[in-house]
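Notebook open, structure about to go up on the screen.

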Amino acid sequence: MGAIDWERRLFDELIPLPDGTSYNAYLVRGSEKTALIDTADPDQSAALMAQLDDVDHLDYLIIQHVEQDHSGSAPLILARYPDVQIFSSPKAKPMVSDHLGIAEERIHAVEDGETLSLGNWTFEFIHAPWVHWPETMLTYLREEKVLFTCDLFGSHLATDELFSGNGSPVCEPAKRYYAEIMMPFASLIRGHLKKLEPFDIEVIAPSHGPVHDHPTWILDAYHHWLNDKPKNLVVIPYTSMHGSTGLMVDYLIEALNDRGVHVHSFHMSKTDIGEYAVHLVDAATVVFGTPTVLVGPHPSIVFAAYLTAALRPKLQNAAVIGSYGWAGKAAEKTKELCGSLKAEWMDPVFTKGMPSQDTYAALDALADEIASRHKELLPGA
Ligand code: FEO
């Protein structure tokens with residue numbers, strides 16, 4: 001159940017959705033009890049409520065995650081089924097009240113591993129915080145070996161294909177989703193995957209995008225994204241006002257390519273930040289390219305630096321290159337904005353006005369340093 005949102009193009013007023021998205025809800029009818037897992041974004045609640053027209057009675061509403069794209073139609077569910085009992089994690093209980101105005105007495109907080117019988121079928125609740133808020137939990141339907149995961153293993157993809165099959169059309173949206181939503185919590189997700197190992201899982205049912213009827217591919221993909229070493233790749237988020245920084249970026253790309261290093265540059269005034277996030281999953285090095293504006297980095301690079309640090313990628317190395325008109329501290333301020341980034345910083349390269357032969361020599365030295373670090377990190381690179 002739920003809704004396919006074909007037209008949505010932005011999530012959280014931040015994340016581009018080139019392929020739309022869906023808000024999946026799941027009606028589970030046991031021999032004695034009926035439960036609904038998750039709801040739909042309030043913008044799409046009419047679709048969900050129409051689907052429920054044939055459902056006379058609902059015993060349980062499982063809220064796995066309080067973010068409104070999944071819980072936002074819960075007040076309408078309560079209005080239609082006044083006796084429905086809500087199940088959520090203990091952390092979610094006050095949040096459901098805060099965000100949806102539902103009295104806490106209506107909510108039963110489940111312990112990790114607690115079960116709920118539907119008659120012939122049994123739910124087991126699995127606490128899994130930070131996928132993607134602190135209150136999130138998963139729900140395992142034991143007899144049918146279905147794991148409901150809400151945001152985890154999801155993809156922002158509007159499609160009428162119910163299942164992801166072998167994964168090929170869904171893998172790229174799923175990776176983009178991982179980069180944008182899950183990557184900041186990678187260390188916790190490694191623990192969650194370990195916790196899921198004893199479970200026999202035949203189907204993974206997330207609340208965005210298709211259901212994984214052959215879940216091995218998405219589990220393997222998550223293992224790669226979480227655990228693989230970064231690749232021989234430099235990402236360059238940059239912008240240029242009068243051409244100097246642009247010339248430096250072009251030169252550095254060629255210098256790195258000459259040394260066998262792959263590069264992907266992103267003009268931050270034009271780029272799709274989801275594309276940037278996807279490349280951060282694999283990149284070993286980031287080089288920010290910025291002109292100087294009012295002593296500091298260009299505002300689009302302020303955003304890039306903040307975003308890069310917030311996404312907590314596996315980056316090992318970082319540097320800043322750019323230009324200034326008369327003076328500035330763009331390199332220092334960019335580094336400050338990346339405070340939580342666990343990367344080793346290389347010397348910045350800056351030019352006053354147009355780049356000179358000395359500037360290009362310094363960029364060659366930076367390219368040498370990056371290539372050498374990549375060889376050390378990734379033998380064979
Ligand atoms: Fe899809 Fe964190 O909500």
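Is E124 buried or exposed? I looked it up, and E124 counts as buried, at 14% relative accessibility. My cut-offs: buried is under 20% relative accessible area, exposed is over 50%, and partly exposed is in between, with a 1.4 Å probe and protein chains only.

Ground rules before going on. This is a predicted model, so I take local features only at pLDDT of at least 70 and side-chain atom pairs only at pLDDT 80 or more, while totals for chains, interfaces and linings use all residues. Residues are numbered from 1 along each chain as its sequence is written, and side-chain values use heavy atoms, with hydrogens and water left out.

Entry: salt bridges. I call it a salt bridge when a side-chain nitrogen of Lys or Arg is within 4 Å of a carboxyl oxygen of Asp or Glu. That rule gives me 16 salt bridges.

Entry: E124 and R142. These two form a salt bridge, with 3.1 Å between the closest N and O atoms. E124 is in strand β11 (residues 122–127) and R142 is in the loop between β12 (137–141) and β13 (146–150), so the pair ties together parts 18 residues apart in sequence. Helices (H or I, at least four residues) and strands (E, at least two) are DSSP runs, numbered from the N terminus. R142 counts as partly exposed, at 38% relative accessibility.

Entry: D368 and R259. I find their side chains in a salt bridge at 2.6 Å, N to O. D368 sits in helix α12 (residues 357–377) and R259 in the loop between α8 (244–258) and β16 (262–267), a link between distant parts of the chain, 109 residues apart. D368 is partly exposed at 41%, and R259 is partly exposed at 26%.

Entry: R373 and E344. This salt bridge comes out at 3.5 Å, N to O. R373 is in helix α12 and E344 in strand β20 (residues 344–345), 29 residues apart. R373 counts as buried, at 16% relative accessibility.

Entry: a network. I also noted R176, E180, D272 and E275, which are linked by salt bridges.

Entry: nonpolar cores. By this I mean a set of buried Ala, Val, Leu, Ile, Met, Phe, Trp, Tyr and Cys residues joined through side-chain atoms within 4.5 Å. The largest one has 59 residues, and Y178, M182, I189, Y222 and F288 have the most contacts inside it. I followed up Y222: setting aside neighbours within four places in sequence, its contacts (heavy atoms within 4.5 Å) include L152, F153, Y178, M182 and L193. A second, separate core has 26 residues, among them M49, V66, V84 and L100.
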